[in-house]
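Morning, everyone. I have a short tour for you today. Please bring up the sequence and the model on your screens.

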Amino acid sequence: MVSGNDEFRSRIRTVVNQLDTPQRSTSTSVVQLNYADALQLEGIIARSVLAATADQQGEVTIVAEPQTNSIIVTAPSDRMSSIVSSIRRLDQRPSQVLVEAVIFELSVETLSDLSAQFGGVLNNALFGGAEFSIGGRPTLTSMLNTAIAGSVPSPGSGFTGGVQHVNAAGDSGFIGFLQALAGETSARLLATPSILTLNNTEAEIVVAQSVPFVTGQFATVGDSPVPERPFQTIERQDVGLTLRVTPQITGDNTVRMEIEQEASSLTRQASAAGGEITSKRTLIPRVIQSDRLSPSCGLRWM
């Protein structure tokens with residue numbers, strides 16, 4: 001209680017109000033992370049925690065220490081508990097996804113052939129009739145010449161049936177054979193890669209050759225017609241198999257993945273502009289969803 005004139009009481013009231021303020025002590029805490037990266041988590045904590053205390057930005061500092069993967073927090077004592085709790089909530093063990101893939105190239109090629117070759121034989125020589133070579137199989141003339149030479153002719157793949165009618169002297173007559181062949185090519189296995197990666201983290205596997213490609217060339221011509229100091233610029237590119245995946249595990253036990261798969265090879269052919277031609281097949285499905293317990297998709301996470 002204060003007694004006195006109005007001026008005196010007013011001055012006392014001002015002093016009391018200045019002294020009657022909360023005492024805010026500042027403390028420092030070091031939070032060592034188990035799973036999260038300190039450098040990445042530093043920006044997230046700084047934006048979220050400091051945005052909630054915009055009027056006290058000078059009293060809160062968040063510093064990452066990458067050597068020990070820790071975060072150093074300096075804040076008022078009454079705010080320290082909530083900041084450390086937020087860091088612990090974000091420092092959770094991430095899920096892992098094991099992707100087992102089978103990459104194959106599907107190309108359906110069918111071949112079906114039924115052919116008959118025939119001709120007449122006069123004085124051990126073939127004349128007239130019809131003959132042809134399909135799929136590397138021999139012609140009637142080549143088989144006859146092989147037989148006359150005393151060797152065993154090879155009819156090639158498929159079914160082959162022949163007929164021969166000659167006169168008593170054995171130098172004239174009729175000869176022919178029938179051939180049937182059917183074939184099919186369906187698929188070619190390229191690779192069976194497997195990748196283990198963290199949730200929301202891109203993983204990549206590359207099985208390729210680093211092939212040089214000429215991207216430019218220059219030659220300085222002087223008094224001589226022979227170029228002086230010629231040079232070429234070369235760029236190396238991977239030619240082979242590349243697989244990139246980015247999985248995401250949602251809250252309802254669903255795996256969502258972004259996949260980028262590329263298979264390239266050299267064609268052993270040169271282009272008109274120079275350089276070898278490469279063939280490339282690319283598959284980019286942006287989103288794939290799968291049930292957690294579905295074994296047919298080849299997805300596992302731990």
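**A loop, a sheet and a strand**

Let's start with N199. N199 sits in the loop between β9 (194-198) and β10 (203-220). Keep in mind that this is a predicted model.

What does N199 touch, leaving aside its neighbours within four places in sequence? The contacts are S95, P247, Q248 and I249. Look at I249 again. A polar atom of the N199 side chain lies 2.9 Å from the backbone nitrogen of I249.

Next, the sheet. Three strands make an open sheet, and the order is β1-β3-β2. The pairing is antiparallel. Which strands stand at the edges? They are β1 (26-32) and β2 (61-65). Each has a single partner strand, so one side of each has no neighbour in the sheet. From one strand to the next, the twist averages 15°.

Now zoom in on one pair. β2 and β3 (residues 70-76) are joined in the antiparallel sense over five bridges. T61 stands opposite T74 in β3. Then there is a helix. Helix α3 (residues 77-90) packs on this sheet and touches β1, β2 and β3. The direction of α3 makes about 155° with that of β3.

Last stop: L114, in strand β5 (residues 103-122). Is L114 buried or exposed? L114 is exposed, because its relative accessible area is 65% and exposed means over 50%. L114 still has contacts. Beyond its neighbours within four places in sequence, L114 meets L178, Q179 and A180. L114 and L178 are 64 residues apart along the chain, yet their C-alpha atoms are separated by 7.6 Å.

That's the tour. Thanks, everyone.

How values were computed
Residues numbered from 1 in each chain as written. Predicted model: local features only at pLDDT ≥ 70, side-chain atom pairs only at ≥ 80, totals over all residues. Heavy atoms only, no water. Helix = DSSP H or I, 4+ residues; strand = E, 2+ residues; numbered from the N terminus. Buried < 20%, exposed > 50% of the residue type's maximum accessible area, 1.4 Å probe, protein only. Contact = heavy atoms within 4.5 Å. Polar contact = N/O pair within 3.5 Å; in protein donor to acceptor, adjacent residues only side chain to side chain. Pairing = 2+ DSSP bridges. Axes fitted to C-alpha atoms, helices over the stretch in contact; angles between N-to-C directions.
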